[in-house]
Protein chains: 2
Amino acid sequence: MVRWEGGARERLQAAALRLFVERGYDGTTVADVADAAGLTERTFFRHFTDKRDVLFAGQEEFEQSYLEPLARAEGDAMSRVLAAVDAAAARFPDERRPWSRLRQTVIDADPRLRERELLKLSLLSEAIAGRLRAEGVEPVPAALAAENGVAVFRIAFASWIAAGETRSLQDLQAEVLARLRSLLGA
Amino acid sequence: MVRWEGGARERLQAAALRLFVERGYDGTTVADVADAAGLTERTFFRHFTDKRDVLFAGQEEFEQSYLEPLARAEGDAMSRVLAAVDAAAARFPDERRPWSRLRQTVIDADPRLRERELLKLSLLSEAIAGRLRAEGVEPVPAALAAENGVAVFRIAFASWIAAGETRSLQDLQAEVLARLRSLLGA
DNA sequence: ATGGTCATGGCAGGAACTGACATCGCCGAT
DNA sequence: ATCGGCGATGTCAGTTCCTGCCATGACCAT
């Protein structure tokens, strides 16, 4: 029996996305995913904490892509957050767009997956606000800056994966930010 | 057998909150809650879609408390959203504060409950943005205004239930809003 | 009283997880 | 080269969440 092929985690993720697209999240059991990856249901749960988590791996790197540029940025809280959001957007190259579209289609189709996505974004916002507070920023401004930064990403990302959209995520974020400024600056 | 006492839904909610506080969310089964309310597990799932939902009933009224004042408000998108947020805050009287504190303690202790709370707030934001779009506001500004309105509520609410806090939710929201303006207006 | 209707009970079963233990393959120590 | 450890996986039993289906009890209009 071929027991050790390596890349079990990646195989599970690929199988899961494929099956979720084909049969829907609800129409796919964890056993289905494990079978498609040549593994067992038990092994699935060793790699992912629950069924939804298979679509949301890499939270650590995701947060780091914001926290690292945040640490380097200078200026007031809001400027630093926006610099981090801009820097992180550079990690969303156009090659990833089709994959992101597919993944987001699956997520948007099921409230349980939307919940998980919101939690991940909320954790990111918390992490950013936490760093700011650790550096002396007051709690409320820290939370507001983090929330707005994540909101800019969230809204720009939705445009980025919309059908026919070709502009880069960075450009879209810049446009959303301009709108935000005019909303509150007027 | 006393089969019809009425208020089954309310009894289930009360029993759930009490047991979640005593034994934790994870340490309480749905059967426990149903038993404590003198009902069956099957009946629990007729009143609530899932175990978490017992803490989040009343989403309809919650959204209405924003949408109704929103419809009456005048001015640009952001001003209208803020007026709605302010009006809705009036529905959080001080008598509710101890209960809100207890409930929030339970929610904050379990990621699954945090997920559900985020989803409910996201649905509120979506509903507000949807109304704005229906009245001709561009999608991006509509989403931004809604997100910021909800963010103001969320952050002020966290302060409102903090230990020792005595100011009203409306006052706290006004302060958060002032901070928001200075963050983006500077 | 009679029939309809609605809330509830009872039961069976699927799917999501979890804990305990066994097994397989690799890799370093002797 | 053999042995023994170690990490990844398999196996299995069990709990909990949640759903479908049908039965039963209580209230109401006639």
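Mentor: Let me begin with a term: a polar contact is a pair of N or O atoms within 3.5 Å, and within protein one of the two must be able to donate a hydrogen and the other to accept it. Please keep in mind throughout that this is a predicted model. With that rule, five residue pairs are found in polar contact across the interface of chain A and chain B, both residues of each pair being at pLDDT 80 or more. The side of chain A that touches chain B draws at least two residues from each of three helices, namely α7 (111–134), α8 (139–160) and α9 (169–185) of chain A. Of these, α8(A) gives the largest share, ten residues. Sorted by class, that side of chain A holds 16 nonpolar, two polar and ten charged residues.

Now consider how the two chains are related to each other. Chain A is superposed on chain B by a rotation of 180° with 0.0 Å of shift along its axis, and the RMSD is 0.0 Å. This is the relation of a two-fold axis. Both copies use the same surface, for 100% of the contact residues of chain A recur in chain B.

Next comes the extent of the meeting. The size of an interface is often given as the accessible area lost when the parts come together. Here chain A and chain B bury about 2,900 Å² between them, and 69% of that area is on carbon and sulfur atoms. On the side of chain A, the residues that lose the most area to chain B are E115(A), L183(A) and L184(A), which together account for 24% of what that side buries. Counted by residues, 28 of chain A are in contact with 28 of chain B.

The charged residues deserve a careful look of their own. A salt bridge requires a side-chain nitrogen of Lys or Arg within 4 Å of a carboxyl oxygen of Asp or Glu, and between chain A and chain B the count is six salt bridges. In one of the salt bridges, the side chain of R154(A) meets that of E147(B), at 3.9 Å from N to O. E115(A), already named for the area it loses to chain B, forms a salt bridge with R116(B), and the closest N and O atoms of that pair are 2.4 Å apart. This pair crosses between chains, running from helix α7 of chain A, where E115(A) lies, to helix α7 (residues 111–134) of chain B, where R116(B) lies. Both E115(A) and R116(B) are buried. A network of salt bridges links D50(A), R52(A), E115(A) and R116(A) with D50(B), R52(B), E115(B) and R116(B).

Over all chains, the count comes to 32 salt bridges. In chain B, the side chains of R112(B) and D26(B) meet in a salt bridge, at 2.5 Å from N to O. Because R112(B) lies in helix α7 of chain B and D26(B) in the loop between α1 (8–23) and α2 (30–36) of chain B, this pair ties together parts that are 86 residues apart in sequence. R112(B) is partly exposed, with a relative accessible area of 32%, while D26(B), at 57%, counts as exposed.

In chain A, E22(A) forms a salt bridge with R18(A), and their closest N and O atoms are 3.4 Å apart. Both residues lie in helix α1 (residues 8–23) of chain A, where they are four residues apart, about one turn of the helix. E22(A) is exposed, with a relative accessible area of 53%, whereas R18(A), at 41%, counts as partly exposed.

F44(B), found in helix α3 (residues 41–47) of chain B, is buried because its relative accessible area is 1%, which is under the 20% that the term requires. Leaving aside its neighbours within four places in sequence, F44(B) is in contact with L12(B), V30(B), V33(B), D50(B), K51(B) and V54(B). One of these contacts, D50(B), is also a member of the network of salt bridges described above.

How values were computed:
Residues numbered from 1 in each chain as written. Chains lettered and ligands numbered in written order. Predicted model: local features only at pLDDT ≥ 70, side-chain atom pairs only at ≥ 80, totals over all residues. Heavy atoms only, no water. Least-squares fit on C-alpha atoms with pLDDT ≥ 70 in both. Contact = heavy atoms within 4.5 Å. Buried area = accessible area lost by both parts, 1.4 Å probe. Polar contact = N/O pair within 3.5 Å; in protein donor to acceptor, adjacent residues only side chain to side chain. Nonpolar A, V, L, I, M, F, W, Y, C, P; charged D, E, K, R; others polar. Buried < 20%, exposed > 50% of the residue type's maximum accessible area, 1.4 Å probe, protein only.
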